[in-house]
Structure formats: C-alpha cells, structure tokens
Amino acid sequence: MQRNGLLVIAGCLSIFAALLRISCIFGGPDWYLFFGAGEKMAKMAADGDIYPSIVTLIIAAVL
C-alpha cells in the first residue's frame, strides 16, 4: 500500500495544532488571548474556572 504524503503532512499539522491548543491550558490566560480565544475565556482561565480547559480539550479532540 502506497502512502499519501500530503495526507500524512496534514495529519501531522493537525496533531501539532491540537498540541498548541492544549498548551493554552498550561500557558494560562495570556496564551488564550494569543490564540484568539477572547477576553472572556482568558478572564475565566485567570479566575480558575474549569470551562476554558474543557472547551480547549474538546477543540483539541476535534483537531
């Protein structure tokens, strides 16, 4: 079976995007702002709310 190079590259980029998204959880509110999550999500992350982490994990799972 022959490997489709473009499909492999796309898969690797999707994994990379998911890892970047997960890094927001550990990076904190500044990272949420940098990746475009919005001021409200950054404030909730700063307040220690679990909602931004759950949303981030769902987005990473979709990626």
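**Notes for all views.** Residues carry numbers that start from 1 along each chain as its sequence is written. In this predicted model, local features need pLDDT of at least 70, side-chain atom pairs count only at pLDDT 80 or more, and totals for chains, interfaces and linings use all residues, while side-chain values use heavy atoms, with hydrogens and water left out.

View 1. The chain has four helices and zero strands; helices (H or I, at least four residues) and strands (E, at least two) are DSSP runs, numbered from the N terminus. Read from the N terminus, the order of elements is α-α-α-α. The radius of gyration is 14 Å, well over the 11 Å that the globule rule gives for 63 residues, so the chain is more spread out than a compact globule. That radius is taken over C-alpha atoms, and the globule rule is 2.2 Å times the number of residues to the power 0.38. Along the principal axes, the C-alpha atoms fill a box of roughly 50 × 20 × 15 Å.

**View 2. Surface and contacts of the chain.** The chain has an accessible surface of about 4,800 Å², and 70% of this belongs to carbon and sulfur atoms. Accessible areas come from the Shrake-Rupley method with a 1.4 Å probe; for residues, only the protein chains shown count as cover. Of the 63 residues, 17% count as buried. Buried means under 20% relative accessible area, exposed means over 50%, and partly exposed is in between (1.4 Å probe, protein chains only). Among contacts in the chain with a separation of 6 or more, 37% are between residues 24 or more positions apart; contact means heavy atoms within 4.5 Å.

**View 3. Helix H1 against helix H4.** Two packed helices are described by the angle between their axes and the distance between the axes. The axes of H1 and H4 come within 9 Å and cross at roughly 170°. Axes are lines fitted to C-alpha atoms, for helices over the stretch in contact, and angles run from 0 to 180 degrees between N-to-C directions. H1 and H4 are therefore roughly antiparallel to each other. Angles under 35 degrees count as roughly parallel, over 145 as roughly antiparallel, 65 to 115 as roughly perpendicular and the rest as oblique. On the H1 side, Ala18, Arg21, Ile22 and Ile25 meet Ser53, Thr56, Leu57, Ile59 and Ala60 of H4. The residues of this contact divide into six nonpolar, two polar and one charged. Here Ala, Val, Leu, Ile, Met, Phe, Trp, Tyr, Cys and Pro count as nonpolar, Asp, Glu, Lys and Arg as charged, and the others, Gly among them, as polar.

**View 4. Helix H3 against helix H4.** Helix H3 spans residues 39-46 and helix H4 spans residues 51-62; their axes come within 8 Å and cross at roughly 120°. H3 and H4 are therefore oblique to each other. Met41, Met44 and Ala45 from H3 meet Tyr51, Pro52 and Val55 from H4. The residues of this contact divide into six nonpolar, no polar and no charged.

**View 5. Met41 in helix H3.** Met41 lies in helix H3 and is buried, with a relative accessible area of 13%. Not counting residues up to four places away in sequence, Met41 touches Tyr51, Pro52 and Val55. Val62 is 21 residues from Met41 along the chain, and the C-alpha atoms of the two are separated by 19 Å.

**View 6. Ser23 in helix H1.** Helix H1 covers residues 5-27 and includes Ser23. Ser23 has 16% relative accessibility and counts as buried. Leaving aside neighbours within four places in sequence, Ser23 is in contact with Trp31 and Phe35.

View 7. Leu13 lies in helix H1 and, at 54% relative accessibility, counts as exposed. Phe16 and Trp31 are 15 residues apart along the chain, and their C-alpha atoms are separated by 16 Å. Ala17 belongs to helix H1 and counts as partly exposed at 28% relative accessibility. From C-alpha to C-alpha, Ala17 and Phe34 are 14 Å apart in space and 17 residues apart in sequence.
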